[in-house]
Amino acid sequence: MTPTPERIRASDPAPRRRRVAAVLMALEGLVLLGAASIAVLDAGQPGVPRGFALGLALFLGIFAVAILLAAVSLIRRRRFGVGYGITWQLFQALVAASLLSSGFLLIGVTFLAVAIAAFLLLLGIARTTAMPLRED
């Protein structure tokens, strides 16, 4: 008897790891939404180019929605959340390194720690997730 995708999906070898990774990704998304909100509020401030602030808010908002969707996907045991989450953590680590080199030590270390923790959790999930069966 060949296992169906539903059967493969039903056995989750790392449910706790998946939940922790989803929570970390959801927190990242909420932080991005907060940063996007601050950018929108700053758009009306003197000395802040309105177009730049609104563009930054849009950019951050798009990534916030994407990482929140990835967190939901992870909870639902879908594959998008794992792949996008791993890619996002690599991007976040680069941003954290840039923050560290710019002198923003506390936020840089925090971002880097979250990126490393989420990356390792997601990597563990990717290693234990069964690939879908191909019918040739």
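Among contacts (heavy atoms within 4.5 Å) in the chain between residues at least 6 apart in sequence, 68% join residues at least 24 apart. The model is predicted: local features need pLDDT of at least 70, side-chain atom pairs count only at pLDDT 80 or more, and totals for chains, interfaces and linings use all residues. Residues are numbered from 1 along each chain as its sequence is written, and side-chain values use heavy atoms, with hydrogens and water left out.

Start with the whole chain. Of the 136 residues, 29% count as buried (under 20% relative accessible area, 1.4 Å probe, protein chains only).

Next, select residues 105-128, which form helix α5. Its 24 residues reach 35 Å from first C-alpha to last, close to the 34 Å expected at 1.5 Å a residue (1.5 Å times one less than the number of residues).

Within α5, show G108, A115, A118, L121, L122, G124 and I125, the buried residues of this helix. Their cover includes α2 (15-42), α3 (50-75) and α4 (79-101).

Now keep α2 and α4 on screen. They pack at about 55°, with axes 12 Å apart (lines fitted to C-alpha atoms over the stretch in contact, with angles from 0 to 180 degrees between N-to-C directions).

Last, select R18, M25, E28 and L32 in α2; they meet G81, V82, G85, W88, Q89 and Q92 in α4.

How values were computed
Buried < 20%, exposed > 50% of the residue type's maximum accessible area, 1.4 Å probe, protein only. Helix = DSSP H or I, 4+ residues; strand = E, 2+ residues; numbered from the N terminus.
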